[in-house]
Amino acid sequence: MTSPPSGGRSSKARPSTSSPVRAYRDADTGHDARGDVRRRAAGGAPAVTPARFPSGADDLGSAGGGAVGPDGGRAAGARGAPATTFGRWWPALTAATAAALTVTVGGDSGGLVFLLFTLPVMYLAVAVLDRPRTSWLMVGSVIALHFLLEAAGLPSWPFVLVLGVLLVAVGLVRGPLRRPGVFALQTPALAVFGGAGLLTLVVSPEAAVAVVAVGLLAHAAWDSVHWWTRKVISRSLAEWCMVYDTAVGATILVALLVRAF
């Protein structure tokens with residue numbers, strides 16, 4: 001006499017609930033065949049899962065209203081590509097445009113000398129405020145100051161240098177200019193670029209142009225430090241100045257070398 005299997009259960013094989021129907025899930029429709037079989041056995045109608053489109057889109061397009069193409073892409077994405085590119089690279093693109101206008105139109109060299117004085121003072125002002133978001137506001141203020149002094153027939157460098165000295169005093173008292181790194185280097189930068197600006201006032205016009213070119217290239221390197229460290233000024237302004245200073249300074253220097261040889 002054969003004893004029953006352990007647990008007192010019959011050794012009679014049970015019918016498989018998964019055979020002969022094999023479960024699968026269609027990649028496009030999400031259809032579950034095993035679920036249909038079960039629902040048919042229960043007397044219900046099989047549910048139909050809506051078709052799934054690539055990238056989670058539905059048949060009406062994305063929330064932005066773009067139409068789904070044969071490859072799953074959206075026409076709106078292609079239309080938005082130029083805007084996306086400009087949104088990322090607008091500082092470099094606008095700076096390159098401004099530099100091209102400067103070197104082709106042949107602007108006043110006094111304006112470039114004014115830059116040597118005002119750029120370090122502008123950076124000082126943002127550093128003392130310790131608010132990088134005010135960077136472009138400072139740019140507007142500097143431009144307005146330039147036109148006001150020019151309209152009044154007054155030399156700009158005494159006002160700018162006095163303002164720079166006052167900012168250094170305030171920054172050292174308040175503390176921002178005593179921080180290590182880029183903040184502490186703002187004062188030496190004022191001395192270097194302000195000194196270059198003063199040098200243009202006492203040398204010959206040809207030498208002054210060379211000083212301006214080298215000064216702009218040096219300031220482009222200083223801009224790259226701000227861009228890399230993301231400190232003091234906004235990164236967009238650092239990128240703008242870096243491109244503009246490099247383009248204008250290099251063009252002037254090449255023109256001087258070509259003229260010399």
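**Exercise 1. Determine which residues of helix 8 are buried.**

Solution. In helix 8, the buried residues include Ser236, Leu237, Cys241, Tyr244, Asp245, Val248, Ile252 and Leu256. Buried means under 20% relative accessible area, exposed over 50%, and partly exposed in between (1.4 Å probe, protein chains only). Helices are DSSP runs (H or I, at least four residues), numbered from the N terminus. The model is predicted: local features need pLDDT of at least 70, side-chain atom pairs count only at pLDDT 80 or more, and totals for chains, interfaces and linings use all residues. Residues are numbered from 1 along each chain as its sequence is written, and side-chain values use heavy atoms, with hydrogens and water left out.

**Exercise 2. Check the span of helix 8 against its number of residues.**

Solution. The expected span is 1.5 Å times one less than the number of residues.

**Exercise 3. Classify the ring pair of tryptophan 240 and tyrosine 244.**

Solution. Rings of Phe, Tyr and Trp (its six-membered ring) pair if their centres lie within 6.5 Å; planes under 30 degrees apart count as stacked, over 60 as edge-to-face and the rest as tilted. Next, tyrosine 244 is buried because its relative accessibility is 9%. The centres of tryptophan 240 and tyrosine 244 are 5.2 Å apart and the planes stand at 15°, so the pair is stacked. Both residues lie in helix 8, four residues apart, about one turn of the helix. Finally, ring pairs link Trp90, Trp136, Trp240 and Tyr244 into a cluster.

Methods
Helix = DSSP H or I, 4+ residues; strand = E, 2+ residues; numbered from the N terminus.
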